[in-house]
Amino acid sequence: MMHPEDEFMCKTPAISDIVILVDGSGSIGLINFRLVKTFLENLVRAFSVEFDKTRIGLAQYSGDPRIEWHLNAHTTKEAVIEAVKNLPYKGGDTMTGLALTFILETSFKPEAGSRPGVPKIGIVITDGTSNDDVIPPARSLREAGIELFAIGVKDADENELKAIASPPEETHVYNVADFSVMSDIVESLTKTVCDRVEQLDKQIKAEDEFMCKTPAISDIVILVDGSWSIGLMNFRLVKTFLENLVRAFSVEFDKTRIGLAQYSGDPRIEWHLNAHTTKEAVIEAVKNLPYKGGDTMTGLALTFILETSFKPEAGSRPGVPKIGIVIIDGMSTDDVIPPARSLREAGIELFAIGVKDADENELKAIASPPEETHVYNVADFSVMSDIVESLTKTVCDRVEQLDKQIKAALGPSRNGPQEAGL
């Protein structure tokens, strides 16, 4: 018997709505139904059940399905386990198709506690072949974004389990010879469900991410502090932040271009504006970005991108909004005010991102006005992701506004973008 300290615990911060559909037909019998309940208890124990974390609902079916409790009925793990212990045995025929339709129409609804933007999991436990068709209702559940796991016991039909479950069947179909060995699959099942919740959560968040949809194009140069004070682990978090930043823009040769320079004691170009012509290529370059190390000479680095990055030979285009995003984690050992002023006077809009030990006044001295939208200061590298949406929205809005200003300055008599400053 597994000791509690050896049990798998799903530790993902991702939350989920899990509905368990239990076969309570006459073929199971009361003794085996008690083993099903023990299995359910062990399954529930693996998750953090709370109102704002994982929610677990349960329906039992035979000839006709019924709700035992909805997703919003119990707000603690102990309450769900107690409900499992008190679960009565139903008895009757096996109408799995009807039951699958029932949970789609009844359990996965807002009034039952199902939440928008949260991974949805359905776990179906059955012991025999259904008396009705499972294929259309299972497809409807999957098309509604519900990930299905099929657990077959004893006389369950393997093909029917595969027809119910989401792909791949290797991780979503479980078939055991007897109720007495259901406990053998608990860990594998809970680990797979946990992993899928984490993956689905990322997919949902990616779909919800802000995308800059302005038709205005821009040249964006990111200047990244790679000094020793950051450290390799935190630099990885910076790279994750950069990936999320890049994802918000339409990166193409004739749309948004993104270049990057890294600095410490001496700055260096990692790639120019004209180096990568797809979003995927820029993200790949971010993933392969090496950590530099060294002192913090932000002033020198600002001068460097003005003289090196925002040039035609580096891919900078005339008549196109220019954005500079500076990421820094500490106070510069040289003066930032004159080089930042030079960049702004050259028509480059500057955003300053400070992390951990960054100096607030220095960030304000670098950034373009107003500081309320152009200065960001976060307490730690681990929370950089919290500012991605706000930053990308502001950059997007400013690109659109700058594009209008540039076009207005060129006047209606000009046929195309001309050199204006840079």
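# Salt bridges, sheet and aromatic pairs in a predicted model

Tutor: In this predicted model, a salt bridge joins the side chains of Lys-120 and Asp-17, at 3.8 Å from N to O. Lys-120 belongs to strand E4 and Asp-17 to strand E1, so the pair ties together parts that are 103 residues apart in sequence.

Student: Why is the contact between Lys-120 and Asp-17 called a salt bridge?

Tutor: The cut-off is a side-chain nitrogen of Lys or Arg within 4 Å of a carboxyl oxygen of Asp or Glu. The N to O distance for Lys-120 and Asp-17 is 3.8 Å, so the pair meets the criterion. Both residues are buried.

Student: How do you know that strands E1 and E4 are paired?

Tutor: Pairing requires at least two bridges between the strands. Strand E1 (residues 17-23) and strand E4 (residues 120-126) have six bridges, in the parallel sense, so they count as paired. Within this arrangement, Asp-17 stands opposite Lys-120 in E4.

Student: What makes E3 and E6 the edge strands of the sheet?

Tutor: The sheet is open, with six strands in the order E3-E2-E1-E4-E5-E6 and mixed pairing. Strand E3 (66-69) and strand E6 (173-176) each pair on one side only. Neighbouring strands are turned by 20 degrees against each other on average, direction ignored. Helix H7 (residues 186-208) packs on this sheet and touches E1, E4, strand E5 (146-153) and E6. The direction of H7 makes about 170 degrees with that of E5.

Student: What makes Arg-196 and Glu-147 a salt bridge, and which elements does the pair link?

Tutor: Their N to O distance is 2.7 Å, which is within the 4 Å limit. The pair links helix H7, where Arg-196 lies, with strand E5, where Glu-147 lies, 49 residues apart. Both Arg-196 and Glu-147 are buried.

Student: Why are Arg-268 and Glu-270 called partly exposed?

Tutor: Buried means under 20% relative accessible area and exposed means over 50%, with partly exposed in between. Arg-268 has 31% and Glu-270 has 22%, so each value falls in the intermediate class. The side chains of these two residues also meet in a salt bridge, at 2.7 Å from N to O.

Student: How do you know that buried Lys-37 has no salt bridge?

Tutor: The nearest side chain of opposite charge, Glu-41, is 7.2 Å away, whereas a salt bridge needs a separation within 4 Å. Lys-37 is found in helix H1 (residues 30-45). Leaving aside neighbours within four places in sequence, Lys-37 is in contact with Val-84, Lys-85, Asn-86 and Leu-87.

Student: Why is the aromatic pair of Phe-33 and Tyr-89 called tilted?

Tutor: The count of aromatic pairs comes to three. The ring centres of Phe-33 and Tyr-89 are 5.1 Å apart and their planes lie at 35 degrees. Phe-33 lies in helix H1 and Tyr-89 in the loop between helix H2 (77-85) and helix H3 (96-106), so the pair ties together parts that are 56 residues apart in sequence.

Student: Why is Phe-33 classed as buried?

Tutor: Its relative accessibility is 2%, and the limit for buried is under 20%. Tyr-89, at 25%, counts as partly exposed.

Key: Residues numbered from 1 in each chain as written. Predicted model: local features only at pLDDT ≥ 70, side-chain atom pairs only at ≥ 80, totals over all residues. Heavy atoms only, no water. Helix = DSSP H or I, 4+ residues; strand = E, 2+ residues; numbered from the N terminus. Buried < 20%, exposed > 50% of the residue type's maximum accessible area, 1.4 Å probe, protein only. Lys, Arg positive; Asp, Glu negative; His and termini not counted. Contact = heavy atoms within 4.5 Å. Axes fitted to C-alpha atoms, helices over the stretch in contact; angles between N-to-C directions. Phe/Tyr/Trp six-rings, centres within 6.5 Å; stacked < 30°, edge-to-face > 60°.
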